[in-house]
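Hello,

Here is the structure I promised to pass on. Have a look at it first, and then read my notes below.

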Amino acid sequence: MDIEKQFPPFKEWLLGGEAGELGALWAWLLGACALLVAAMVASWVFGTFMHGPGKAGDKIFKVLTGTLVDLLHTSPRRVFALARLAVKESIRKQAVVGLAVFVVVLLRLAWFVDPGRTDPTRVYLDELLWWTSLLVLALSLLLSAISLPADIQNKTIFTIVTKPVRSSEIVLGRILGFVATGTFLLAVMGLMSFWFVTRMLDHTHDLTHDDLSTTAAKEGAESDKLVRGGFTEMARGHMHEVDLDDEGNGVTKKAQSHVHRVTAVKKDGRVTYEIGPPEGEWVARVPIYGKLTFRDRGGNPTEVGTNVGNEWLYRSYIEGASKAAAIWTFSDLRREDFPDGNLILELNIRVFRTYKGRIDHGVAGRMRLVNPKDPAVYHDLGIFFAKEYTLDRHEIPLQFDHEGNKWDLFRDLAPDGELNIELRCLEGSQYFGMAKPDMYFLKREGLPWVNYAKGHFSIWLRMVLVTTFGVMFSTFLSGPVAALANLATLIGGFFVEMMMRLGTGEEIGGGAIESFIRMVQHDPMQSKLESSIATSVGLFLDKVTGGIFIVVSRLLPDFEAFGTSHFVRDGYDIPANLLAIHMVMVLGFVLPVVLIACVLFKVREVAK
Amino acid sequence: MQSQAVVTAPPGATVPTDVVIETRNLSKIYRDFWGRQKVRALKALDLEIRRGEIFGLLGPNGSGKTTTIKLLLGLLFPTSGQALVFGKDASEVTKNERIGYLPEETYLYRFLNAEETLDFYGRLFDMPAAMRRQRAARLIEDVGLGWAKRRQLKEYSKGMARRIGLAQALINDPELIVLDEPTTGLDPIGCREMKDLILNLRAQGKTVLMCSHLLADVQDVCDRIAILHQGDLKELGRVDSLLKVRGETAIRASGLSEAAQQEIRDVIARHQGQLLSMDNPTTTLEELFLTIVRDSEARPGRRSASLSDGRS
């Protein structure tokens with residue numbers, strides 16, 4: 001699984017690390033203060049133009065104190081009443097139509113997706129989470145943006161604001177009401193899709209005596225008893241190879257990412273085989289990630305490996321048959337985390353071939369466990385062949401033989417719970433590519449349904465943001481314009497990182513005008529543009545728009561970063577740390593946006 | 001709406017003088033998107049409405065009466081001047097706890113039924129559930145909608161919608177009731193009941209501010225009126241005083257022969273007739289209203305001469 005955006009531990013992210021990086025909390029406070037000051041100055045300048053400096057200052061003071069008083073005197077009963085009204089309004093506006101569309105999505109998956117494909121779990125989860133997210137966000141976007149303007153247009157708001165209702169209560173009531181509606185839709189969609197996936201994945205196979213043949217035990221087997229082998233019957237587009245012990249029990253070989261347990265049942269002198277439900281088809285691995293560093297071809301430490309020319313710089317590469325190596329440093333390993341007596345190491349290495357070689361054969365590499373305190377103390381795990389795009393699983397026993405001695409991993413290699421794994425490519429002119437999440441120790445298997453719920457929680461967080469922004473826009477814009485503004489925020493939020501790169505000049509190929517010039521002149525992205533007045537003007541304009549992009553990217557939530565569906569789809573547990581960070585990030589946007597919405601509604605004349 | 005007994009203030013009773021609504025130099029200019037002046041809707045309005053009176057705002061379309069009401073309710077913000085309700089600025093939310101408002105049309109949520117509507121507005125007044133239930137049940141009966149309380153408002157006729165609108169305006173047992181065209185959409189019986197109800201509210205010591213195009217309704221119930229035209233206050237005073245025709249005397253007598261009518265006072269005395277009243281004759285409010293509007297259009301910007309008569 002590719003994890004491009006990685007966060008430090010929650011506390012470090014929130015309060016700052018030892019290296020002196022600014023914590024998110026302080027950055028937020030600074031940003032909020034800057035925004036407040038900028039808004040006050042802009043309001044004062046505008047107010048001065050309209051009313052004169054003294055009156056403008058007086059009005060700003062009154063609005064700020066009034067909003068503060070509104071927030072402090074917010075009545076839960078009134079907020080609840082308005083939230084209930086928003087829910088009823090949503091139902092009246094046929095928000096449940098979203099559920100009907102979702103049923104159509106389920107039917108499409110059931111009818112048109114081939115269950116015999118390599119990894120149906122991935123396909124189902126990917127599609128369902130995408131559609132759930134799309135439908136819930138689209139409904140929230142529309143409902144939150146058009147409700148208040150509709151109330152203002154048809155004047156029902158007159159009977160609200162002439163009651164002792166504060167602007168904060170109107171804003172919070174709308175937000176809570178639409179969040180409640182969205183939560184209901186999300187929960188129903190989640191339950192429906194969970195039922196659908198479990199039902200679609202659930203299957204078994206037939207296995208009879210005729211499918212099996214008795215053979216001698218395989219070389220290296222612990223027992224010399226005969227084994228019965230063969231293939232199960234085809235079901236859901238696949239079959240499993242089985243090797244049963246002399247009792248007739250065993251586990252099938254993996255197909256479509258899962259196995260089945262086979263149990264022989266003797267009844268009335270006859271043996272039948274019962275095949276259990278699929279195992280390992282829908283998982284939630286809990287990995288322990290390490291820190292990745294490199295050694296270059298000369299054996300010198302470096303932060304990144306070789307760039308093989310990919311535009312996507314996510315992975316770094318190490319050259320084969322050289323001193324180049326990738327080193328993962330794992331910390332805080334504890335013996336009690338591996339009660340089975342084995343460390344399960346999973347890796348997913350990419351290969352960059354400078355020549356074709358044996359394309360049906362993996363490129364050879366070597367892994368070594370190294371004591372980080374004393375690199376001379378290491379244990380070779382032997383040679384492996386990189387399997388691209390599949391997960392390679394290695395079991396490392398905690399006790400093992402090392403050159404005739406009995407070694408204990410925690411005693412000899414990781415006494416403080418810290419362990420290095422060094423990986424090299426053995427074939428000359430071939431490269432291994434890797435990123436930090438490409439190798440990890442498997443701590444445990446989490447519960448898939450819990451992970452699924454976490455994935456929906458991430459969608460919920462996005463929905464809360466969309467709803468809050470929608471209500472904020474609706475306090476001062478007409479319904480359609482508010483919906484468009486909300487849509488622009490959502491789309492812009494998916495491109496926050498790109499906007500930042502454009503602003504800081506990190507985007508290869510430059511901004512819009514530079515890219516256009518390059519296209520017209522057929523200039524490659526890395527080359528320097530020819531100097532001319534037109535080019536200079538274009539680059540200047542790019543810088544100006546880049547500055548705007550930086551400001552906008554600071555104001556918009558990074559909707560892309562909130563996505564966790566790839567965790568669920570690829571079978572990895574969504575870390576609690578990540579969800580906690582996402583929650584605080586959402587809160588960091590919701591609080592100021594609610595405040596802005598309250599101010600904007602307070603200064604608005606609802607009548608014309 | 002069920003018919004209610006008309007309770008009028010006892011003759012000669014003194015009206016409490018504490019001011020419920022006060023406007024000082026209240027002006028409103030509507031501007032376009034660019035801040036340019038579009039309409040000067042209200043010009044320096046000075047007004048006082050006292051506790052316990054029924055005050056009517058009159059004026060042709062565009063005269064500024066609805067703007068005045070919206071300014072008093074905080075739906076609009078004044079361009080200059082001040083609007084005070086119960087001594088608080090009109091933009092102050094807490095004043096609304098003592099106000100009931102019936103808009104010109106029934107701007108209610110059509111997907112709610114009568115019970116849900118009153119329960120919702122009761123919640124907005126932070127009322128506990130028991131009180132909401134009790135008041136909603138009583139008001140629904142009072143406005144005669146008990147038979148339709150479970151029907152969604154979108155199924156209501158205009159008259160029924162006005163009734164439930166009135167019920168929501170009274171859910172908090174307000175001290176000040178603002179009624180915008182209260183009899184619009186009501187049939188003659190409904191109009192009569194509405195007027196009875198307004199008088200009943202005054203009898204309970206409540207203050208009523210209403211605006212209406214139906215001059216007969218205003219004449220029937222209002223203690224004092226203000227007539228606005230093109231944003232200017234043209235007339236202000238007690239209805240009975242405003243309708244008096246100065247410089248003329250009308251005598252109303254009974255039991256007199258034809259001959260006795262020739263010499264009024266002496267003959268009445270000589271013939272032992274009973275003098276019932278001797279006063280200035282009154283015109284109708286409609287006549288007064290039209291005179292003021294015509295006068296205002298002929299001499300724009302000048303206040304009606306009758307205002308300086310000290311009749312308010």
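In the largest nonpolar core there are 158 residues, and those touching the most other members are I164(B), A167(B), V178(B), V208(B) and L209(B). By nonpolar core I mean a set of buried Ala, Val, Leu, Ile, Met, Phe, Trp, Tyr and Cys residues joined through C-beta atoms within 7 Å. A residue is buried if 20 or more other C-beta atoms lie within 10 Å of its own, exposed if 12 or fewer, and partly exposed in between, with C-beta atoms placed from the backbone. Helix α6 (residues 120-153) of chain A supplies the largest share of this core, 16 residues. Apart from this core lies another, of 35 residues, which includes I349(A), M367(A), A386(A) and C425(A).

Before you go further, please note that this is a predicted model: local features need pLDDT of at least 70 and side-chain atom pairs count only at pLDDT 80 or more, while totals for chains, interfaces and linings use all residues. Residues are numbered from 1 along each chain as its sequence is written, and chains are lettered from A and ligands numbered from 1 in the order in which they are written.

What does V208(B) touch, leaving aside its neighbours within four places in sequence? Its contacts are I54(B), F55(B), I177(B), L179(B), I198(B), L201(B) and R202(B), where contact means C-beta atoms, placed from the backbone, within 7 Å.

Now to the sheet in chain A. Six strands form an open sheet in the order β9-β8-β11-β19-β14-β15, with antiparallel pairing. At its edges are β9 (301-302) and β15 (378-385) of chain A, each pairing on one side only. Seven bridges join β14 (residues 364-370) of chain A to β15(A) in the antiparallel sense, and M367(A), a member of the 35-residue core, has G382(A) in β15(A) as its bridge partner. Strands pair here if DSSP finds at least two bridges between them; strands (E, at least two residues) and helices (H or I, at least four) are DSSP runs, numbered from the N terminus.

The two chains also meet: 23 residues of chain A are in contact with 25 residues of chain B. On the chain A side, α4 (76-92) and α7 (158-161) each supply at least two residues, and α4(A) gives the most, with six.

Finally, D240(B) sits in helix α7 (residues 239-242) of chain B. Is D240(B) buried or exposed? D240(B) is exposed, because 12 other C-beta atoms lie within 10 Å.

Best wishes
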